[in-house]
Amino acid sequence: MSDIQMLIDMGFPKEKAERALEVTNNKGVEQAMEWLLAHADEPLPPASAPVGDSSSSTAAETTEDTSAGGSTEEQPAVAKSLKCDECGKLFKSQEEVEFHAAKTEHSSFSESTEEKKPLTEEEKKAQLALLEEKMRRKRQEREENEKKEAMERERLRIKSGKDMLEARRKMEEQEMKKLMDQRKREKLESQQARDRVRVQIEADRAARKAKESGENAAVSPTSTTTTTSPSPSAKPTSTTPSKPAEAKSYTTAKIAIRMMDGTQLVQTFQAGEQLAAVRLFVQLKMEQNDTPFGLMTNFPKKVFSAEEYDMPLDKLGLVPNAVLIVTKAA
């Protein structure tokens, strides 16, 4: 708010407020206000002569005319102020009347012969104190409004920050849910793959047992006939079962498995089981079942390929004993 507007809000006429700021070199509202109170009884500058001057000039002209005519009639009363008919307040200038009308919405004014008395020192001090109190209240109101605006801005900022945090939290929850669902699917697929391998191993084991039982059934009649036959030719037939007996001693494979963390596991497998059974055993013993790995021998060094996992252990030379090393998949 400008200094001129503050002085007008305090009740000073616009022209006097401008004159006060001009005289005090625009050094502030307080100095201008002191000047206005000190010169409250002084007339306005000639440019802002009150409307009552027209009546005064008319009265002066009438006086001149009467004096020229030699008349001894009594001169009419001269208007010394303007009066508000509604509240009875006196004003020295038209600007004060306009300001009062704009402030109180009073519309009835008339000329008065009463002269507006100058303010005493006590009245000047009282009015100055009143104006200072009004300025203090306005300054306090302005500060309170600024505080309210600052608090509202801070509230909006905090609310915006909370909304952003809530949106970010929801987004993180959605991402976490997606990752958990994906992990569940991967575990389910891995479990299904292990189940398929286990079923295949069981089927191969059952087929191998059935095949071995059929071979044993086929060998037993020949052995009885060789024992009952008195012919000398039975001797070669009696020696033939020695080879299957030698093969039975290698029906199992005792394999020592060296894990990636340095621990060692020992497990016995059937000689006819596939290398995939060993791989499944290692996978079940690992803490993270989905970690890719491979198997290899050290002496001689050999890394088994994907096709060799479908071959039996005896075909791979891993019977009766062998050492396998778990390696990271390339």
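**Reading a predicted model**

Reply: Let us begin with a single side chain: at 52% relative accessibility, Arg157 counts as exposed, because exposed means over 50%. Please keep in mind that this is a predicted model.

Me: With which residue does Arg157 meet in a salt bridge?

Reply: A salt bridge is a side-chain nitrogen of Lys or Arg within 4 Å of a carboxyl oxygen of Asp or Glu. Here the side chains of Arg157 and Glu154 meet in one, at 2.4 Å from N to O. Both residues lie in helix α6, 3 residues apart, which is about one turn of the helix. Glu154, at 35% relative accessibility, counts as partly exposed.

Me: Which residue forms a salt bridge with Asp195?

Reply: Asp195 is paired with Arg198, and their closest N and O atoms are 3.0 Å apart. These two residues also lie in helix α6, 3 residues apart. Asp195 is partly exposed at 30% relative accessible area, and Arg198 is partly exposed at 32%.

Me: Are Lys302 and Glu308 buried or partly exposed?

Reply: Lys302 is partly exposed, with a relative accessible area of 34%. Glu308 stands at 15% and counts as buried, because buried means under 20%. The side chains of Lys302 and Glu308 meet in a salt bridge of 3.0 Å, N to O. Elsewhere, salt bridges that share partners join Glu133, Arg136 and Arg137 into one network. The count of salt bridges comes to 11.

Me: How should I read a nonpolar core, and which residues of the largest one touch the most other members?

Reply: One looks for buried nonpolar residues joined through side-chain atoms within 4.5 Å. The largest such core has 21 residues, and Ile255, Leu275, Val278 and Leu295 touch the most other members. The elements giving two or more residues to this core are β4 (252-258), α9 (275-285), β6 (293-297) and β8 (321-328). Its largest share, 5 residues, comes from α9. A second, separate core has 14 residues, including Ala20, Val29, Leu36 and Leu37.

Me: How many residues of α9 are buried?

Reply: Helix α9 is mostly covered, with 8 of its 11 residues buried. Among them are Leu275, Val278 and Phe281. For Leu295, the contacts beyond four places in sequence include Leu275, Val278, Tyr309 and Leu324.

Me: Where is Phe12 placed, and what does Phe12 touch?

Reply: A contact is a pair of heavy atoms within 4.5 Å. Phe12 sits in the loop between α1 (3-9) and α2 (14-23), and at 8% relative accessibility Phe12 counts as buried. Leaving out residues up to four places away in sequence, Phe12 touches Leu7, Met33, Leu36, Leu37, Phe99 and Leu131. The C-alpha atoms of Phe12 and Leu36 are separated by 8.0 Å, although these residues are 24 apart along the chain.

Me: Which residues form a nonpolar patch on the surface?

Reply: Met176, Leu179 and Met180 form such a patch, with about 310 Å² of accessible area together. Met176 lies in helix α6 (residues 121-228) and is partly exposed at 48%.

Me: What does the UniProt record place at residues 82-111?

Reply: The unreviewed UniProt entry places the feature "domain: C2H2-type" there. In the model, the end C-alpha atoms of residues 82-111 lie 5 Å apart, and the span is 37% helix and 27% strand.

Me: How many helices and strands are there in the chain?

Reply: There are 9 helices and 8 strands. Buried residues make up 23% of the 330 residues in the chain.

Conventions: Residues are numbered from 1 along each chain as its sequence is written. This is a predicted model: local features need pLDDT of at least 70, side-chain atom pairs count only at pLDDT 80 or more; totals for chains, interfaces and linings use all residues. Side-chain values use heavy atoms; hydrogens and water are left out. UniProt positions are given in the numbering used here, feature names are shortened, and annotations may be inferred rather than shown by experiment. Helices (H or I, at least four residues) and strands (E, at least two) are DSSP runs, numbered from the N terminus. Buried means under 20% relative accessible area, exposed over 50%, partly exposed in between (1.4 Å probe, protein chains only). Patches are made of residues with over 30% relative accessible area and no salt bridge: like charges are joined within 9 Å, nonpolar side chains (Val, Leu, Ile, Met, Phe, Trp, Tyr) within 5 Å. Accessible areas come from the Shrake-Rupley method with a 1.4 Å probe; for residues, only the protein chains shown count as cover.
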